[in-house]
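Please read it alongside the sequence and the coordinates.

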Amino acid sequence: MRRLAARGAAGDAGEVAAPAADSSDSAQSRSPSPWRLIDLCAIWDAGVYLPSAACNRASSGVARKRLNEAEKLSSVQEAQLKRLEVTRPRVLGSRERGQVPRMARQPPPPWVHAAFLLCLLSLGGAIEIPMDLTQPPTITKQSVKDHIVDPRDNILIECEAKGNPAPSFHWTRNSRFFNIAKDPRVSMRRRSGTLVIDFRSGGRPEEYEGEYQCFARNKFGTALSNRIRLQVSKSPLWPKENLDPVVVQEGAPLTLQCNPPPGLPSPVIFWMSSSMEPITQDKRVSQGHNGDLYFSNVMLQDMQTDYSCNARFHFTHTIQQKNPFTLKVLTNHPYNDSSLRNHPDMYSARGVAERTPSFMYPQGTASSQMVLRGMDLLLECIASGVPTPDIAWYKKGGDLPSDKAKFENFNKALRITNVSEEDSGEYFCLASNKMGSIRHTISVRVKAAPYWLDEPKNLILAPGEDGRLVCRANGNPKPTVQWMVNGEPLQSAPPNPNREVAGDTIIFRDTQISSRAVYQCNTSNEHGYLLANAFVSVLDVPPRMLSPRNQLIRVILYNRTRLDCPFFGSPIPTLRWFKNGQGSNLDGGNYHVYENGSLEIKMIRKEDQGIYTCVATNILGKAENQVRLEVKDPTRIYRMPEDQVAKRGTTVQLECRVKHDPSLKLTVSWLKDDEPLYIGNRMKKEDDSLTIFGVAERDQGSYTCVASTELDQDLAKAYLTVLGRPDRPRDLELTDLAERSVRLTWIPGDANNSPITDYVVQFEEDQFQPGVWHDHSKYPGSVNSAVLRLSPYVNYQFRVIAINEVGSSHPSLPSERYRTSGAPPESNPGDVKGEGTRKNNMEITWTPMNATSAFGPNLRYIVKWRRRETREAWNNVTVWGSRYVVGQTPVYVPYEIRVQAENDFGKGPEPESVIGYSGEDLPSAPRRFRVRQPNLETINLEWDHPEHPNGIMIGYTLKYVAFNGTKVGKQIVENFSPNQTKFTVQRTDPVSRYRFTLSARTQVGSGEAVTEESPAPPNEAYTNNQADIATQGWFIGLMCAIALLVLILLIVCFIKRSRGGKYPVREKKDVPLGPEDPKEEDGSFDYSDEDNKPLQGSQTSLDGTIKQQESDDSLVDYGEGGEGQFNEDGSFIGQYTVKKDKEETEGNESSEATSPVNAIYSLA
């Protein structure tokens, strides 16, 4: 089957040649081609941008100039050239990573991926027919599906198409023919289908809202545009309302609702004061995605301004302002002391009670959200609380997509761009402060409007050829596919015997000229639709070349490059490449020929230089073209600049030595912080270095050496750090001495051209940790005086450290000492715990108080404890350390614990009780362990919790094993949570029984176990015992004993007969044997006594012998009535009795041998 007659058109991205040289003279001397194009199929090799043609920043301007002169530059190439102008390839020696080896690969810039994608698309893109050949219409430009227009402007609905002959246009509105001629306001542009609706003479744009569709038609078919939904932008006014002052308690949460008027498109919301001052937002006060303003907690300073919601409308460029809100904050601390804003415990200082977080938006603990594939997902969590909670985001069962996820609005919002199906799942936000934390789970479902898996492409066939159109799309839910031909449903089109529809595929066989048409594929679901046009054209065209002849392409050594040879023909031509006129076809090995005719050379070598000829052939003729390839050495920086740290006033030299192809012009330039470097009086630029004299702070930054030719470039980066840490502060002074505060003042040192950002005040005390400095507080770099809050009974000494972006200064000289008076402790030790280390003790521990919380000498701790929920007296002891062990305690009993600080000035506040527990022990056995077997497939287990858990139950351990007599299977162990009291075992063997052992666990270990066995399966116990009894040792022994006993009895019986019993013997020598005389098989005769009768209970055969049952081994034969049984342990029950015949035997006239069993009874 043959199809496809076009192999890329001239001017397609990536299928172009390179300029021959840097200068116009060189270009004229080197190449006969009148114009040059840039090869967009760039290669990123070892982190260096190495295009197969001149497309770097230094030469892109030259290339564009020549392209413009030839007027051959496509819009795609123009966009690519703009990208090339801002190229930033490999960087080396960055400040963060230090010096990087030049061979280390660096990721290419994003535009390189885009160019490479363009290159791949050009190798297998849509079919293009030269415009001088007849062809059906093709839509080339149309308005977006959701077309929103400004009501103040004329309406423009675009629709342009190409075809030969040129197509005509008509429109439908709301699926009905739109008669343009009847409406004087509507016109259509000449040689285009674009509609223009003019309102200069009046009219309302809203009257023209609706769904429009464009039809482009010529004699070969009809192409359709998308269904364009026209809407007029709206910016309604804000409703009038009077807003009362909002009264709120300080520290309480607050939401100011915006409720903007609905606009099209939705307006942009922002908050300002009535005087048009922006509202400062932070993690405490911020605007939600819905436009509301949220206060996690209200502070007194929030009353200093009013709050007005503003809506900015896009098309009208107008801003509408809502009437402002005013706040009235009720407070326990009426003075708005600005110094408290930096207080380490601002809320307590203002008398605001601390609260655990709670969510203001969204409400509750869980919510769900649906997002369409390819859109942005925005999740938001806003919480209240005191102090202001922090928000953290997580995804259940995985990590957040780091390449697509970013946090917004002070971490209150999580945005994931370009959502895919992998982004569905459960996300949760965690709001936490020092009082606690809460979480909200958001279940995200990703749906999808239809997207292409295989979009139908134009089909160009020769008469008699076969072909197919394929339309495959995916979505969620799965989209439906509808075929149309020339804008009409395929079902209502005239029948075509050469056409067959198979779901998403149309198959054409033995096509003829009459088969030309334009087919539409419409695939849709509830979230949208896709519409694609694909024409079928039947042509007879000999091969033709579509690119300029005798192109010159220069490439870099060891690069991958591509030689383009766009052609067209129908039937599909066969393309072959030759080098230097040689007869062998180039394909395979280092060469690869693409479907569009391009020849790829995977790694350029010097011997690849030469003239390449491409020849296209079909049954109607052939065409050929030539490309001349020149190979150049790459540009490399072999000695790169290195990161340097320099002091102010010194001289710095940055090296940059380059090796390049001598036939190419080399340009070396420098960038500072990725911007062109201005070479001033203090700098000297040479061919291989850059020298900076008298380094100053402003010289600090990154320096990039760019070595470029018209074909390639190499970059290396180094970072220059100028030392400039601030000098130490000096002249510390203590003033405003008070019992619990003092003012510290200092003189800042030299900032060394790097502004001081912070000051850290440190203190040292000489009682608990003399000589050890601790951070006291931190202040902005703009202040040099601060009031320090002090603790009782501390002999303070202070010093100050200055910080800037470079680092920290040396500490200042210490201040004079200042001692505060003592006082009883105002707090008690924290983190009080009571835990058992053994089963009969409880260890009480706490975090000891430091020097600033001791408040006096001889700090000690009063430890109290008693059993919980009892009225017994408190036990107490005074401890100077941080732990105490209570002995002789019952197992795992709760205790109330209190630890109170005390010094020589008195006791601290009465502490709150903390619940602790004595040591744990092993738990007792689970109660009421029940094993039930509802069927042969499952066994149900149930149990109750242990009567004495003796600690915190951490779970249960179940061990079970299958057994069948002496056969025992592999033991299986299951661990359960402490709340689980049921379990179901799926039986793998319906015959075996199971033995279960269950125990409970605490931190100490597993306790007493309880064992149960599953009941024997119904109607199988007896069978199982018999099947297994023959293998038992006791059974084998029993059988041997019985056999020995029988043998002894037989011997006794024969001895008795031989001693005078009446045993008539036939005279053998006188009387012959009669036929009725019995004879044993072994030749022996049977001795019998006619007077003797068979013993009671014996069984005789017809020949007078004792007849045994079928199996001598079966003990059942010895049971009377078949009731012989075995216990569960295998022991035999019942007496050994003689089995009787079920029917009387006949002909017992013959003699009978005495039954050995009867002999036993006779002896008895």
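Both faces of strand 42 are covered: Gln551, Ile553 and Val555 on one side, and Leu552, Arg554 and Ile556 on the other, are all buried (buried means under 20% relative accessible area, exposed over 50%, and partly exposed in between, with a 1.4 Å probe and protein chains only). Strands (E, at least two residues) and helices (H or I, at least four) are DSSP runs numbered from the N terminus.

This is a predicted model, in which local features need pLDDT of at least 70 and side-chain atom pairs count only at pLDDT 80 or more, while totals for chains, interfaces and linings use all residues. Residues are numbered from 1 along each chain as its sequence is written, and side-chain values use heavy atoms, with hydrogens and water left out.

Strand 42 runs parallel to strand 49 (residues 621-632), and 6 bridges join them; two strands pair if DSSP finds at least two bridges between them. Gln551 has Val627 as its bridge partner in strand 49.

An open sheet of 3 strands shows antiparallel pairing in the order 43-47-46. Strand 43 (561-563) and strand 46 (591-593) each have a single partner strand, so one side of each edge strand is left without a neighbour in the sheet. Strand 43 pairs with strand 47 (residues 599-601) over 3 bridges in the antiparallel sense, and Leu563 stands opposite Leu599 of strand 47.

Leu941 lies in strand 76 (residues 938-944) and is buried, with a relative accessible area of 1%. Contact means heavy atoms within 4.5 Å. Leaving aside neighbours within four places in sequence, the contacts of Leu941 include Phe929, Leu958, Lys982, Phe983 and Phe996. Leu941 and Lys982 are 41 residues apart in sequence, yet their C-alpha atoms are 5.6 Å apart in space.

Ser999 belongs to strand 81 (residues 993-1001) and is likewise buried, at a relative accessible area of 9%. Not counting residues up to four places away in sequence, Ser999 touches several residues, among them Pro926, Tyr956 and Glu1008.

The structure holds 20 aromatic pairs. Rings of Phe, Tyr and Trp (its six-membered ring) pair if their centres lie within 6.5 Å; planes under 30 degrees apart count as stacked, over 60 as edge-to-face and the rest as tilted. Tyr892 and Tyr917 form a stacked pair, 4.6 Å centre to centre with 15° between the planes. Tyr892 sits in the loop between strand 71 (883-887) and strand 72 (894-903), and Tyr917 in strand 74 (residues 914-917), 25 residues apart. Tyr917 is partly exposed, with a relative accessible area of 29%. Ring pairs also link Phe929, Trp943, Tyr956, Phe976 and Phe983 into a cluster.

Two arginines lie over ring faces, as tabulated below. A charge sits over a ring if NZ of Lys or CZ of Arg is within 6 Å of the ring centre and within 35 degrees of the ring normal.

| Charged residue | Ring | Distance from ring centre |
|---|---|---|
| Arg373 | Tyr451 | 3.6 Å |
| Arg995 | Phe963 | 4.2 Å |

Helix 8 (residues 1033-1058) has 26 residues and reaches 38 Å from its first C-alpha to its last, close to the 38 Å expected at 1.5 Å a residue; the expected span is 1.5 Å times one less than the number of residues. Buried residues in helix 8 include Phe1035, Met1039, Ile1042, Leu1049, Cys1053 and Arg1057.
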